[in-house]
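Here is a short report on one chain. Read it with the model open.

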Amino acid sequence: MDTTQSSVGSSTRPGLTHDVDLKAGTCSCEATIRVCRHVRVALIRDYKARTLRMIERYNHELLNEDERLELREAIIRR
Ligand SMILES: [Zn+2]
């Protein structure tokens, strides 16, 4: 799953979404600042997804099933 591309809902205009491409560093909104709210939301989503993938890859042998689920839940809730 590529989490560097994200569709983020507008907070001021319900139903409208903006397309963020983290690799290109772009957002389809008209904000004049470089790191708009949509890019920040996309960065957090990407960070969480990467962290979860990392945990699933490396901790598989270190933790038992219950510990893995607990850790996963704790990250999702943050
Ligand atoms: Zn934006």
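Serine 7 has aspartate 19 of β2 as its bridge partner. That bridge belongs to a predicted model, as does everything described below. Strands β1 and β2 pair in the antiparallel sense, and five bridges join them. Further on, aspartate 21 stands opposite threonine 26 in β3. The pairing of β2 with β3 is antiparallel as well, over two bridges.

**The sheet**

Together the three strands form an open sheet in the order β1-β2-β3, with antiparallel pairing. The edge strands are β1 and β3, each of which pairs on one side only. Strands β2 and β3 make a hairpin with four residues between them. Glycine 25 sits in that turn and has a positive phi of about 70 degrees. Strands of a sheet pair through backbone hydrogen bonds, either parallel or antiparallel.

His18 and Val20 are on its covered face, while Thr17, Asp19 and Asp21 are on the uncovered one. In a regular strand the side chains alternate between the two faces of the sheet.

**Histidine 18**

Is histidine 18 buried or exposed? Histidine 18 counts as buried because 21 C-beta neighbours lie inside 10 Å, and the cut-off for burial is 20 or more. The residue lies in strand β2, residues 17-21. Leaving aside residues up to four places away in sequence, histidine 18 touches Val8, Ser10, Cys27, Ser28, Cys29 and His38. Arginine 45 is 27 residues from histidine 18 in sequence, and the two C-alpha atoms are 14 Å apart in space.

**Helix α1**

Helix α1 covers residues 37-58, which is 22 residues. From first C-alpha to last, α1 reaches 32 Å, close to the 32 Å expected at 1.5 Å a residue. Its buried residues are His38, Val39 and Ala42. They share one side of α1 because they cover an arc of only 90 degrees around the axis. What covers these buried residues includes β1, β2 and β3. The face turned away from the buried side carries the exposed residues Ile44, Tyr47, Met54 and Tyr58.

**The whole chain**

The chain has two helices and three strands. From the N terminus on, the elements run β-β-β-α-α. Its radius of gyration is 16 Å, whereas a compact globule of 78 residues would have one near 12 Å. The C-alpha trace spans about 45 × 25 × 20 Å along its principal axes. Buried residues make up 10% of the 78 residues. Of the contacts between residues at least 6 apart in sequence, 29% join residues at least 24 apart.

**Confidence**

The average pLDDT of the chain is 89, and 99% of the residues score at least 70.

Where pLDDT is low, the predicted coordinates should not be read in detail.

How values were computed:
Residues numbered from 1 in each chain as written. Predicted model: local features only at pLDDT ≥ 70, side-chain atom pairs only at ≥ 80, totals over all residues. Rg over C-alpha atoms; globule rule 2.2 N^0.38 Å. Buried ≥ 20, exposed ≤ 12 C-beta atoms within 10 Å, placed from the backbone. Contact = placed C-beta atoms within 7 Å. Expected span 1.5 Å × (residues − 1). Arc of directions from axis to C-beta. Pairing = 2+ DSSP bridges. pLDDT = per-residue confidence, 0-100.
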